[in-house]
Amino acid sequence: MKKPLIGLTPSHNTDNHDIQMRPTYLKAVTAAGAIPVVLPLTSSEEDLKLLVDTLDGFLFTGGPDVHPFLFGEETLDHCGSVSAERDQMELALLPLVMETGKPILGICRGVQLLNIGLGGTIWQDIPSQVTSDFPLAHTQPFAYTLPSHTVTVKPGSRLAEITGAETLSVNSMHHQAVKDVAPSLTASAFSSDRLVEAVEMPDYPFFIGVQWHPEYLWEKNEAASRLFAAFVKAAGAR
């Protein structure tokens, strides 16, 4: 049986311009039955189109902040480091993939990038911008293989269909989050402090972004494993 090829967007070390990939992503994609392919950081539009035509699904991975100018804001005090090269590549990649209808999964930075690319905004820094009577540790103080809080899944959503759950136990390592959901997307999970934790596109074959990191949880967490399995299955059905 032919295994689907999944393209993963790389991290970018802006100090020495190395590209990097956490092995957790590679292991999760491989365990779900696909072959992970790390994408180049810089490519011509022609080469990106060729990659989109060749690969079967695309995973927008976690990483540093997206430049605030890309969602129409000034840079705030607590905004972190950015990679202009990565921002440019991923925002160029997204519409090319969507033209084909191929599966898209976004994780952490990935969900934020997808939302921005489709016209939404993000919180630049949760601790300084969001007030809550029940503040969660969105950057958890212990190992990422352990869940740190729960999210409520929207009934009838694709995420609910995949996980079969109303509540998910998730890990958390972010200081930014989806703020205004892009017009073509819907929010499908929320944390107890009412931050958006997942988005999806109802009329697209497979388009889901999650704020947590299922690539650290899939070995012991059934919902995380089901998410990767559904993504790879959608890629294989192309």
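1. Helices (H or I, at least four residues) and strands (E, at least two) are DSSP runs, numbered from the N terminus. By that scheme, aspartate 193 has its place in the loop between strand S11 (186–191) and S12. Aspartate 193 is buried, its relative accessible area being 11%, where buried stands for under 20% relative accessible area, exposed for over 50% and partly exposed for what lies in between (1.4 Å probe, protein chains only). Serine 132 is 61 residues from aspartate 193 in sequence, yet their C-alpha atoms are 6.2 Å apart in space.

2. On the basis of these remarks: this is a predicted model, in which local features need pLDDT of at least 70 and side-chain atom pairs count only at pLDDT 80 or more, while totals for chains, interfaces and linings use all residues. Residues are numbered from 1 along each chain as its sequence is written, and side-chain values use heavy atoms, with hydrogens and water left out.

3. Strand S13 (residues 207–210) has Phe207 and Gly209 pointing one way and Ile208 and Val210 pointing the other way, and all of these are buried. Two strands are said to pair if DSSP finds at least two bridges between them. S13 pairs with strand S6 (residues 104–107) in the parallel sense over four bridges, and there isoleucine 208 is the bridge partner of leucine 105. With strand S12 (residues 196–200), S13 pairs in the antiparallel sense over three bridges; here valine 210 stands opposite alanine 198, and a hairpin of six residues joins S12 to S13.

4. Helix H2 (residues 45–54) and helix H3 (residues 84–100) have axes that come within 10 Å and cross at roughly 45°, the axes being lines fitted to C-alpha atoms, for helices over the stretch in contact, with angles that run from 0 to 180 degrees between N-to-C directions. H2 is therefore oblique to H3, since angles under 35 degrees count as roughly parallel, over 145 as roughly antiparallel, 65 to 115 as roughly perpendicular and the rest as oblique. The contact (heavy atoms within 4.5 Å) is made by Glu45, Leu48, Lys49 and Val52 of H2 together with Met89, Ala92, Leu93, Leu96, Val97 and Thr100 of H3. These residues divide into seven nonpolar, one polar and two charged, where Ala, Val, Leu, Ile, Met, Phe, Trp, Tyr, Cys and Pro count as nonpolar, Asp, Glu, Lys and Arg as charged, and the others, Gly among them, as polar.

5. H3 also packs against helix H4 (residues 109–117), at an angle of about 65° and with the axes 10 Å apart. On the H3 side are Arg86, Asp87, Glu90, Leu91 and Leu94, which meet Arg109, Leu113, Leu114 and Gly117 in H4. The residues of this contact divide into four nonpolar, one polar and four charged.

6. Two further loop residues deserve a look. Methionine 173, in the loop between strand S9 (167–170) and strand S10 (177–178), is buried at a relative accessible area of 12%. Not counting residues up to four places away in sequence, methionine 173 touches Arg22, Cys108, His138, Thr139, Tyr144, His213 and Tyr216. Threonine 121, in the loop between H4 and strand S7 (122–123), counts as buried at 14% relative accessibility. Leaving aside neighbours within four places in sequence, threonine 121 is in contact with Phe71, Asn115, Val178, Lys179 and Asp180.
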